[in-house]
Every structure is written in structure tokens, then in C-alpha cells.
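Hi,

Here is the structure I promised to pass on.

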Amino acid sequence: SRAIKTNQDLLPETPWTHIFYNDFWGTLLTHSGSHKSYRPLCTLSFRINHAVGGMDPWGYHLVNVLLHAAVTGLFTNFSRILFGDGYWTLIAGLLFASHPIHTEAVAGIVGRADVGACLFFLLSLMCYVKHCSTRGSSPSTWGWILGAGLCAGCSMLWKEQGVTVLAVSAVYDIFVFHRLKMHQIIPKNLTLFFSIGLLTSWGTALLGVRLYWMGNKPPSFSNSDNPAADSDSFLTRTLTFFYLPTKNLWLLLCPDTLSFDWSMDAVPLLKAVSDWRNLHTVAFYAGLLLLAYFSLKGSSNERECNGRTVMNGKQNANGHSCHSEMEYKTPEVKSSFASKEENGIRKHEMQKLQLPSTENIVILSLSLLIVPFVPATNLFFYVGFVIAERVLYVPSMGFCLLVTVGVRALYVKAQKRFLKNLVFCSTAALIVFYGLKTVVRNGDWQNEEMLYRSGIKVNPAK
């Protein structure tokens, strides 16, 4: 209601420039009651919807679905850079397209902020990938990094977390494009150092302007929006805030119980160390740290033989799929590779055409999962929700990549054809069940009564 029905910024008689001074709900950003949600591009899209179809919801839903389709296509295209052509890229795309956690962002009109931010997030990332591949060999490389910066700014103007794409781009450059390990991060490559410096400077500038524009003051929220933030106990705040990312990951892993409203006591506060849910917290962070550690430490042997091309079933003596780089290439890349080889191109230049290793993909996936979620962790400022499923729209890309690379690793490790088929069929079943859950969950968004009924199980008091 506040974002569209009663938002004066959508009306034709209101000057369109007002959207750049007001928050997502049409309140002046410097007003004491503003939530500081500065998303002018999303509000502009609502205004265009209103100009074309008034308050008819059909047009608003159509735009959301089209945006989700565009994001899915871009994400699948980005997955090709990591997995090459074949089943693994398709699996990553299908996981993202069907994941039930996206229902709130796509079926709920105001969730367009997350979908639009993700669209420009991926556009920015793809531009930076182009910058990396053309750096030092083409003058257009700086046009690509300019495009990456502009798209990052647009992503932030759809929703605040969009600016985190700059950090993810840096991770891609260091760990995927350059394939560096932790002890190699100190930059010896001046072009790499310069590119990372540009990303850092642009991100700092965007955040500085954003903070200035909202009046240099953080938003304030009611106790029911974020009970932990209002708690007087430091222990309660700490334990609860550390636990909430665990709960969010569980919603990605097993989206069985979903709700549009996780406020109030939907997630009871953790008030003591003896609370058994702290075990989940410890397991969560220990798992993330171990996964990151072993990925960063990964040996050079594993990098050369990481199971990227497993479709034809060739294996080395250790049971790992290990093929020449020419076997993972598309016909266009093969011909390009062959011509470069004939011209005597150096070995390290040919290696740039190789797909990234499993360890590198895991590092990038973790950054996609964690970095865009950081603004919602209450680490730097309190947010106006306990859990919001729409916030997981961008991080879910990292989750889908992690699942895909994990399934691929299992497929490669399996020695028997039966086990390989079992892994593949289980993954297909997961995608089907995710899709069915999405269909069922969409039914909850048919009308207001059904939506509120669906939230009773999670938040009966509200």
C-alpha cells in the first residue's frame, strides 16, 4: 500500500524528480520518519507501470516476471563462464529459475527492488568480466570497467545491496581470472592493482554519496520490526544476530516453511549460551570457514584436474575426470584457440581460455552468497526486519553455484555409472521439487487473505 497505492511519487501530477529526493515509500529522505530506503529506479518503474495501466496489478506482475526471466538468463550466461557449455550450466540456471525463495521477490510487487538490483548486479559483473578478458589487449577494456561502475550504481539505485557487486567483481578478478591463492594476493600485476583500486574508489564514492543523500543518519525502526536490535542485552543481540544468517541459509537449503512476515517473535531471541540453536550457529560458521580454507588452500594438482568436463566419462588413474582444455571449448573457442596456437601464442596466454578450477568457483560462490547478504546482517547498521526472503534473491546465486559445483564434484568422484546416474537424478529431482514448491508458494500470493493465512504458522501473534 505505501509503496504504490498511497505513494504520491507515482501520480502524474507529482514532478518525477521527486523520486530522487524521497524514499521508497514517498517520504522525504531527510524526514525523521523515513526508513532511508533510497530506490529511485524501482520507484520510477512503478511510476511507468502506473502511467500505463493505473492500479491494474496485471502489468506490475508482468514486469516482475519479465525481470526475473532476464535475471535468470544473465545468471545462466554467467554460469557458462564458470562451467562451460553443458549440463552443469543448465543445472545452475534451472536451480535459480525454480528456487522457491524467489517467490516473494517476484510475486510480491515491492520485491521488484531486489530483482531489478540483481539484474544490474549481473550486468555490472559481466561488464567487469569483459574488462578482465580485454585488459592489456584492447582499448575498449576501460569502456567495460566504466560500464561495470555505471551498472553497479544503477543496481544500488534499485536497492542498497547492489553496490556489493564491486566486491564480488574484485573476488572474480583475483581468484577466478588470475587464479591467485591467499599468499599471492599482494599485487605484483599493476593492471590488477589498478582495476581493484578503481573498484574500491568507486564503491567508496557511491557509499559516501548515499550516506550524504539520506541525511547522514541511519534509519530507525520499531521494536516489532527487529526485536533483537531493541534488546538491552549485548549477549542477546550478539547470539541472535549470529544465528540469523544460519536461519537464512536453512531457508535456501530447505525452503519448506516460508513466510512474508518474520517480524516480532517469528524467530525467538537467543538469550543464553545454553540455547541449543547456538549449535547451529557454530556448525554454520565452522562449515563456512572450512570450505573457504580448503578452497583457498587447494593444491595445483587439483586445479589442473577438477572435473570440469565429465560428460564423456574419461578419467585418470586416480578416478578424477581430467581432460585437455580443448575438450571443454565451444566450437568458436576451439577454432580461436587453434589459430592462436598456430601463431605461437605463449602457454600462459592460452591458459586464460581455461575454465576456473573447482576451488576458484567455490570462492566466488561464497562471495556471491555472503557479500550481498552483509547489509542485512545488522553488522554495520540495524535493519527493519528479522528475516526477509526477498533479501536472499541476490545471495541465492551463490547458493545455486555452490550446489552445482558440489554436485559436479560428487559426479566426478563417483566410480560407478550407477552412482553417477543417482547423483544426476537426485539433482533433477531437487529442481523439480523446488519448482513444485514455487508453484504452491505462488498460490499464497493470490490475494491478501491467503497471504495472511500463510503467515499464521510462522507469526501467529502478528
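**Salt bridges**

Glu160 and Arg210 pair up in a salt bridge, with 3.1 Å between their closest N and O atoms. Glu160 sits in the loop between α6 (141-158) and α7 (165-177) while Arg210 belongs to helix α8 (residues 190-213), so this contact ties together parts that are 50 residues apart in sequence. Before you read on, keep in mind that this is a predicted model.

Glu160 has a relative accessible area of 21%, so it is partly exposed. Arg210 comes out at 12%, and buried means under 20%, so Arg210 counts as buried.

Glu104 is buried, its relative accessible area being 5%, whereas Arg390 is partly exposed at 25%.

Then there is Asp275 with Arg277, whose side chains meet in a salt bridge at 2.9 Å, N to O. Are these two buried or exposed? Both Asp275 and Arg277 are buried.

**Aromatic rings**

As you know, a pair of aromatic rings is described by the distance of the centres and the angle of the planes. Searching the whole structure gives 15 aromatic pairs. For Phe24 and Phe46, the ring centres are 5.9 Å apart and the planes are at 40°, so that pair is tilted. It links distant parts of the chain, since Phe24 is in the segment before α1 and Phe46 is in helix α1, 22 residues apart. Phe24 is buried, with a relative accessible area of 1%, and Phe46 is buried too, at 0%.

Another tilted aromatic pair is Phe75 with Phe96, at 5.0 Å centre to centre and 35° between the planes. Phe75 counts as buried at 0% relative accessibility, and Phe96 is buried with a relative accessible area of 0%.

There is also a cluster: ring pairs link Tyr87, Trp88, Tyr411 and Phe424.

**Charges over rings**

Two residues from the notes above come back here. Which charged end sits over the ring of Tyr411? That of Lys420, 4.6 Å from the ring centre.

**Helix α14**

I ran a quick length check on helix α14 (residues 358-370). At 1.5 Å a residue, its 13 residues should span 18 Å, and the end C-alpha atoms are 18 Å apart, which agrees. How many of the residues in α14 are buried? The answer is 12 of its 13, so to speak a mostly covered helix. The buried residues include Thr358, Glu359 and Asn360 as well as Ile361, Val362 and Ile363.

On the surface, Tyr21, Leu28, Tyr212 and Trp213 form a nonpolar patch, and together they have about 450 Å² of accessible area. Leu28 is placed in the segment before α1 (40-53), and Leu28 is partly exposed, with a relative accessible area of 44%.

Last item, the backbone. Most residues other than glycine have a negative phi. Met264 is not a glycine, yet has a positive phi of about 55°. Where is Met264 found? In the loop between α9 (234-253) and α10 (277-297). Met264 is partly exposed, with a relative accessible area of 28%.

Cheers

Definitions and conventions. Residues numbered from 1 in each chain as written. Predicted model: local features only at pLDDT ≥ 70, side-chain atom pairs only at ≥ 80, totals over all residues. Heavy atoms only, no water. Patch = residues over 30% accessible without salt bridge, like charges linked within 9 Å, V, L, I, M, F, W, Y side chains within 5 Å. Areas by Shrake-Rupley, 256 points an atom, 1.4 Å probe, with all protein chains shown as cover. Salt bridge = Lys/Arg side-chain N within 4 Å of Asp/Glu carboxyl O. Helix = DSSP H or I, 4+ residues; strand = E, 2+ residues; numbered from the N terminus. Buried < 20%, exposed > 50% of the residue type's maximum accessible area, 1.4 Å probe, protein only. Expected span 1.5 Å × (residues − 1). Phe/Tyr/Trp six-rings, centres within 6.5 Å; stacked < 30°, edge-to-face > 60°. Lys NZ or Arg CZ within 6 Å of the ring centre and 35° of its normal.
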